Amino acid sequence: MDLAPLIAPMKLGQETFQALIVLVLPLCSFLILGFLRNRLGILAGYLATLVGLVGLGLSVNLFIAVWNYTTYHFRTTWFDISLGKLPLNFTVGVYLDNLTVLMLVMVSLIALLVIIFSLAYMKDDPQVAKYYAFLGLFQFSMMGIILVDNLLFIFIFWELVGLSSYLLIGFWYQKTSAALAAKKAFLFNKVGDLGFMIALMMLWSQFYTLDIDAIKFLWQQASLSDRFTLSAGGLSVWTDMSDTWMTWIGIALFCAAVGKSAQFPLQVWLPDAMAGPTPVSALIHAATMVAAGVYLLARVLPLFTVDVMLVLSIIGALTALMGAFAALAQSDIKKILAYSTISQLGMMVMGIGVYAVEAAVFHLFTHAVFKAGLFLAAGSVIHSLHQYEAASGQHLDAQDTDQMGGLRKFIPLTFLTFVLCGLGLIGFPGFSGFLSKEGIIEGAIAWANNADVFAAWLIPVMAILTSLLTAFYIIKLIIKVFFGKSPQWLVDDHPVREKGWAIKFPLVVLGLLSFSIWYGHPFDGHQSWLGEGVSRAIFGNEFVPTIIEGKWSMVLALLALLAGGTMAIMKYGVDRSYFTETVHWLKSMSYHNFHLDAIYMIIFIRPSYYLASAITRFDQHVLDRSVNLLGISQVVFAHIIAWIDRTVVDGLVSLVAKFSQWFGALFRWFVHSRVQSKILWAVLFVVLIILIWIR
Amino acid sequence: MIHGEVSEFGIILLFLIGGIFFVAFGLLTARLIRPKRPNIEKLTTYESGEDPLGTAWSQFNTRFYIIALVFILFEVELVFLFPWATVYADQELMELTGGKWGMIALVEMVAFVIILALGLVYLWVKGFLNWERPMPTGKQYYSPIPKIAYSKFIKRRK
Amino acid sequence: MEIQSNILDPIFSLSQDLNYFRPELVLLICLFVCFFADLLIKKNKGLWLSSLAISGVLAYLWFSYTQFIGLEEEVYFMSDLMRLERSIVFVKLIFGVTTLGAIILAIKTKWIQIPLSHTGEYYFMLIALLLGSVLLPMANNWLVFFLLMEFLSITGYIITSFNRDKSSYEGAIKYLLFGAAASAIMLYGISLIYGMTGSMSIGDLANGMELDSGLLSLGLLFVLLGIFFKIALFPMHVWLPSAYQGAPSSGIVLLSVAPKVAALLFLWHLTSIIELGKIGFDLLPMFQWQQMIGILAIITMLGANAAALWQTNVKRLLAWSSVGHGGFMLAGVLTLSAFGQSTLLFYASVYALMNMGAFLLVLLIKKRTQNEEDINAFRGLASLHPFLGVLVTLLMLSFIGLPPTGGFMAKFLLFSAIWDTYQQSGEPIYIWVFAAGLFSSVISLFYYMKIPYLMYFKPLNSKDPKLVSLKSLDYLMMFLIVVALMVLFFKANWLMNILNSLNFAL
């Protein structure tokens, strides 16, 4: 099998060029806003909106050109590290297929809506241009992950996404919590990225390329034939391609997804990341960046062995359940949504693990829409409460649900959006979440059905439990915030209101998109055009339905949903006094997210500190002392050398200098004399020359 | 020398010897022949009938040099003109060159003379030939005795 | 009639011969135009004259350039009185550019103290000096050579005296007296050579060698002394510091480059003839000129650079530096290889540029302090003009021969040429020249760096009431020069490729 044709350069077509423009547009926005941030002021937001609009237009255009029609691939050689005759090229390129363009449209759309929302939300921030610039950087990096055809470049953009996430979480870096959260997010992501790097190294050692297409093709060939050899430029290279290798590669790649998509055990950074501006949470920490891990898994799916898939489903299910459970006891509106995001990401990963990939990606898309909607609605609540706070002069925590209530009368549009998106999230029939989530649960049940071990049924059970809890906490949240009596602090003369088209427009769009009618048959996920297209991108043109014909799964899911919803309404809808009363240790467990932070503190951070201080002590008492001793001896030695230098070397130098001066003076002396004697001297020298050379 | 031919330097040497011999011969014969009766008047240096005063190594006014230089310039020009005149219209050369010789010789010499003439004109226009007279500024004598003292003195004399 | 028809040759080939003189004829015409313009024009005289002079030199440059392109091999013309080869045409270009720089300096620096009535003469003399310098390397006849040497000397004396003050006259008269002595010696040498070879043609020098006569060597030595006077080589250098101190800065820009390089190129021609003459004979009748020139170059380099250490007057300092650079270039003549000539011409180009920059600096400082030439005038100047400070530092680095400047490339190439010659011939004199060159470069570091040192590390003499502040336009030309020097460092190939294609006799 020769490597060279697989990674041969491919021409830049019209579509791929357009994709490059879509990629570069946000970067331009970042650069322009970044450099002119002091001059632009309020204009920055409109400029970013304009760029976002153009980007969305181009993305939709690309979507129309590619969707279910064909794929486009552009590739060029970046550099080569050829060893002798062995040509080892690093390539880079753009790859467009159904999955790519779907993600492209999703990111462009949500980003545009978030930017529009920010026009109002961030209006009073002094550093607003910097904010939009960072958003541009984020969008550029995210587009990069989606578009490039090469794992190395995905890694580069992956890191850039991490950076922009760090910058945006810490945007209000004056707040200690924001700065700490940014640091935490960055470091936890780094742990996952370590896995990515290891995966890259292992992949290179096996395939000698990082081009995804080429790797997929080679792996397919390798699994078909027994004696597989790989050659590059006529020389065969070592490769093993055993299942063991591929399992480790898969797990290492999954590590990256664990970090970025906040899976167990690295999920703790996401709730803290809510310290950033709410629109940022909507874009990055709900809809797009955290979905990048799922997207990566979908892209490299053919490389995963059965064992990796098992790991995926276990971790995914565990994360889903843990996230849903942790969301129960939170009172901060954004934290509830953050845990919900973790839970839903777990669902997606689990969906991939149980081979319901198209359902997982479908869920990725629908989740992006309704979770962005939820976050923006939450943002609207916070914003209007902030406005009220500023107007009335009262002090209140605008994110604490315990202090809210009855807001539906004041901010009806936000309420409506929240309800619509919330119904999407819990998977209510007729809403988008219903289609996608049902697909995942069906896949899980089918997977458990096919598995030999009875324990496999744990996975669907956990999924359904998650579904139940989701319904419970979302309805609890809606009740707490929008129903019931208005809180005591609310005074009538300063009404709480949502203001401005910039806030309303994104809410309306996202609320409407939460209906399932847009995605095909409103009650049957199998007939959705989106799932079919994604399936085509992943499994090729033959559409293989992986979902068994068993409606009882849907019945189960609906039952769970109804149970959760009813419990919530029963508990909180009638009497609000229940709020503070729960089983004590369970509540604490939920509130502290299974005490993961504390556990990490005990297991990892404290030992690190102890180790560090021990090393410091060793450093100070042993190493430094010996270094000091060495230094002192050097100084002594230097003094000796200096003495030699002064007396011997300097003496020589000054001798030379003295000589030069003396010689110069001599040379000058007969210049300064009278003309006659000058000529006389010249003649004398001439005579000397004659005496020496003329014989 | 070995072959009995005289080299170029030999000719110069012969000229030198001849010159020295000629001068020495004249002086020597005069010395032998003339009567010798010196007196003080006879031994003084002759300088246009004036008594010589001081050393002859005195500084001359630089204005003399300009005139002298211009003079020498035109003397040299003349020196060049004489040999030129002898070959200017040489029949043989004219025939050899088909008449070009005379033309070129004429042009060259005219150019030479014109350059020198231009130099003279330049000097003239720039005023270097003007004999610049020193403008003596009379020294005012300031007497320590006031003028009134003088007039009083004169009055008293009257 | 055999001899006569030989004499008549130039008459027939006159028009063809004049073709080779095109650039010089342009200069001649320019000379006369300037002359008449000086006499006739009354209003705006300076403007008219300078623009005439500049356009004349530009036309000259254009003709030299076409000659450079057209010429392929060495040619002899005017009955072998003159000769021409591409290296000579190359230095014509260098001289032309230098003259242009000198004229621009003379125009730009209105504070220069030349009375307006003399400005015409000044341009006239600059162009005359240029004319003499471009003709000198072309000489192939002792008489022509002597004439041109005198021509150069006399224009030099006059330019030196142009400042019309005491030091100027003093320098000029020293120059004149010393020059007269040198001319006399040289003329005597020429007569000796004529006596031994029986020919005025320089190419016939080899004829006299078979006589194995000390007189020929003596004659040659005397001629060499005349040439040394032009290069200002020890022991004929003594006139130079006073002359440079007195002369107008714009004049020295040309005076320190053109005659020097022209004489060096002539020396190159002469020594290559001597070497050619030697080939025929087993015994070496001629004196060991390499040894002699080598030792003189060593003394010059060391002595001049050491003497410069003492100077506090900027112009005298630059004068000594000029003597030192003459010594360096003479070391280039010693190599007598094609590469050596390339490096010599490279050095000459760089030197011309640096010199222009240095005397521009002198003018700037004189403008600032109203005629102060003391090195202390530079004190703390960098705090007022930081950009000028950078430029001056770079310029001085170039003088020392440190990167990133053309001066470094020039010295580097020259030394490598000397080293090559040493490798081939194995004569110890080359290694001594090499060592002396390096050592004197180190010495030169101290006095060149004195200027940036004063500029950066000494406080400003702000109390001086006479100070005139400089405008950035004043040192635009300096900027261009420094940029050119940097280009010669980073793209030294550009010039070296041209120089290597010069198709040398050796």
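**Exercise 1.** Find out how many helices and strands chain C has, and how much of the chain is buried.

*Solution.* Start with the elements: in this predicted model, chain C has 21 helices and 2 strands. Next, look at burial. Chain C has 506 residues, and 54% of them are buried. Finally, check how far apart in sequence the contacting residues are. Take the contacts in chain C between residues at least 6 apart in sequence: 80% of these join residues at least 24 apart.

**Exercise 2.** Work out which part of chain A gives the largest share of the side that touches chain C.

*Solution.* First count the residues in the contact: 21 come from chain A and 23 from chain C. Then see which elements of chain A supply at least two residues each: these are α23 (596-672) and α24 (675-693). Of the two, α24(A) is your answer, with the largest share at 10 residues. Last, sort this side of chain A by class, and you get 15 nonpolar, 3 polar and 3 charged residues.

**Exercise 3.** Describe how α9(A) and α13(A) cross.

*Solution.* Locate the helices: α9 covers residues 243-260 of chain A, and α13 covers residues 306-328. Their axes come within 8 Å and cross at roughly 25°. Angles under 35 degrees count as roughly parallel, so α9(A) is roughly parallel to α13(A). The crossing of the two is right-handed. Now zoom in on the residues: Thr247(A), Gly250(A), Ile251(A) and Phe254(A) of α9(A) meet Asp307(A), Val308(A), Val311(A) and Leu312(A) of α13(A). Sorted by class, the residues of this contact are 5 nonpolar, 2 polar and 1 charged.

**Exercise 4.** Is the pairing of β1 and β2 in chain A parallel or antiparallel?

*Solution.* Pick out the strands: β1 is residues 72-80 of chain A, and β2 is residues 89-96. They pair in the antiparallel sense, over 8 bridges. As for burial, β2(A) is mostly covered, with 6 of its 8 residues buried.

Definitions and conventions:
Residues are numbered from 1 along each chain as its sequence is written. Chains are lettered from A and ligands numbered from 1 in the order in which they are written. This is a predicted model: local features need pLDDT of at least 70, side-chain atom pairs count only at pLDDT 80 or more; totals for chains, interfaces and linings use all residues. A residue is buried if 20 or more other C-beta atoms lie within 10 Å of its own, exposed if 12 or fewer, and partly exposed in between; C-beta atoms are placed from the backbone. Helices (H or I, at least four residues) and strands (E, at least two) are DSSP runs, numbered from the N terminus. Two strands pair if DSSP finds at least two bridges between them. Two residues are in contact if their C-beta atoms, placed from the backbone, lie within 7 Å. Ala, Val, Leu, Ile, Met, Phe, Trp, Tyr, Cys and Pro count as nonpolar, Asp, Glu, Lys and Arg as charged, and the others, Gly among them, as polar. Axes are lines fitted to C-alpha atoms, for helices over the stretch in contact, and angles run from 0 to 180 degrees between N-to-C directions. Angles under 35 degrees count as roughly parallel, over 145 as roughly antiparallel, 65 to 115 as roughly perpendicular and the rest as oblique. A crossing is left-handed if the near helix is turned anticlockwise from the far one by less than a right angle, and right-handed if clockwise.
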